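Visitor: I would like to learn how to read strands and helices in a model. Could you walk me through one?

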Amino acid sequence: ASPPSHDKQTQPKPNTSRTRRSAPSLSVARDAAKPRAPPPPPPPPPEMDGSGSWDAIDWNQIKEPRPPRSSSRGMEDFLLEDEEVYAQGHGVVLLNTDEAGILSVTNFRLLFVSQATKGVIELGTIPLTAIEKINDDVKLQPLPRQHDKKQPRELLQVIGKDMRVIVFDFLPKTKQKNEVFDALRRYSKPTHLWDLYAFSCDPSTVYQKSDPKMRLLKEYHRLFRKWFPHSGSEFEKDLRNEWWRVSKVNSTYSLCSTYPSALIVPRSISDEDLLQASSFRSGRRLPVISWCDPGSGAVLARSSQPLVGLMMNFRNNTDEKLVSALCTQIIDATGSLRKLYIVDARPRANALANGAKGGGSESASNYPRSEVLFLGIQNIHTMRDSLFRLRDYVDTHGSVSSNGTSSAVSLVGDRRNRGSTWGGGNLNSMTQFSSMLGEWLNHIQSIMVGASWIAAQIVQESASVLVHCSDGWDRTTQLVALACLLLDPYYRTFNGFQALVEKDWLAFGHPFAERMGVPTITDNNSGSQFELLRQPSLGTLSNSPNRGALGSSVSTSNTTSGQSQTSNNSSPILLQVIYSFLGALC
């Protein structure tokens, strides 16, 4: 799909009124029988696709005021801006903590407020897009302390992508459970783009900070240690120094639809060179600079794999010129030239296997003063399966759920078979758990070690580093973002961390929707309406009957998840980086 238009004069405005769902008033009910003219058709949504530009919606053009919140149901003190309550249950018990409270389904999250403390219980509160699976047919064994064992229990199980397994117990002989369950099924998988909570917040509250292009260029000014101008004429001037420049060759996203509109490149490389070099990289994701040190001249660059072919005999002179330009500066008074490390995040065997599809890896002989290294980080499918096996085992056999707190498993588990739980001390079970945990932690370690090594070469040797994997938007993003966090203290601040996510994750095209299993935008046959496709969620739940319910079999007809019959490209890429970030900060 071609990138969206950047002409703000012809760009359609989003119909922000579609995000509001006001509760019907008495006057509306009295007037219901009166004939009314049909409402005007809503304006078409902005043309945008999964790899479209940030200019698809001009937030600063939205000036109409927001109507007051239509439905809060007594939750005013706990709701965020423009958050609305769609369904609610009173006297609901969170079995994980045995707390009673009010459970609300909003346009943003599942919200649980304690009846005793009048505060939000974080364990029972989860964003709708972070829900992996909901199940309303949970049959748990009765507790020994339960007084009325004949009383039916109305249970609802929620499994989160953050490894939470939580169970709510509703009052019997009420419709509260069905109302909450139906609301979760409807709003956790919205059918229209404007139903997402992100489009409900008033864009005027972010004012000029809503322009992603300006924020990206502001970050480039910071990297260049330049004063950031506030006037439009000064802002549009070329940004460059003695080594690098900011190119606008991708301003219309015609060079690469998954790259930023502005690219930091060596000053000696022309825009024509960039166009020629892009043809030699997968997805036209050519080598560009993500972080630079004006003090030493070292750079951290990123790209996708080169298209060298099965025999690794295809070459591109412009690509070699561009990569070599990353390390042409002299680093000391003796005239020593800078070294370049080309870091391939994949295992060597995987990189060579990609050659059969036209990809592959660089040969150091074609790039002067370079050294090629392989980090051995596995692909998205291996990472997803590793996390799934760990979560499946913990949630099935653990004495605590995967959220780390006492769960319904420990409360109502089969007490006649305590040896089946690793909490019960069974040696074989403990060994199996340790193996699964070790596998997952080994993946985390590979990412942390790789990022630490990259940062060390830039600091200690003043070397430049080019990082890539296959497509250059998963493992590459993990390594570059974590290395930037280690190299630059600014990224360890709130504003800096936001700039880092926007630069290396959003601007460089990480497929968040696909990896996280949240809706993405797809065009139907007519092209007149944009619907949301629910991507597969983490793990293939059908592979494990034990994961469906806590302690018993599950009726799959009453189970809702984000799965699809299409290929599963979800993966815990962001989750791994969060683990690594926390490890680096500690």
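Guide: We will look at some strands first, then a helix. This is a predicted model, in which local features need pLDDT of at least 70, side-chain atom pairs count only at pLDDT 80 or more, and totals for chains, interfaces and linings use all residues. Residues are numbered from 1 along each chain as its sequence is written, and side-chain values use heavy atoms, with hydrogens and water left out.

Visitor: Which strand is joined to strand 1 by seven bridges?

Guide: Helices (H or I, at least four residues) and strands (E, at least two) are DSSP runs, numbered from the N terminus. Two strands pair if DSSP finds at least two bridges between them. Here strand 2 (residues 99–106) runs antiparallel to strand 1, with seven bridges, and G89 faces L103 across them. Four residues lie between the strands of this hairpin, where D98 has a positive phi near 60°. Strand 1 also pairs with strand 7 (residues 165–170), antiparallel over two bridges, and L94 sits opposite F168 there.

Visitor: How many residues of strand 1 are buried?

Guide: Buried means under 20% relative accessible area, exposed over 50%, and partly exposed in between (1.4 Å probe, protein chains only). In strand 1 (residues 85–94), seven of the 10 residues are buried.

Visitor: What span should helix 11 have?

Guide: The expected span is 1.5 Å times one less than the number of residues. Helix 11 (residues 475–487) has 13 residues and should span 18 Å, which agrees with its end C-alpha atoms being 18 Å apart. Of its 13 residues, 12 are buried, so helix 11 is largely enclosed by the rest of the structure; R475 and L487 are among the buried ones.
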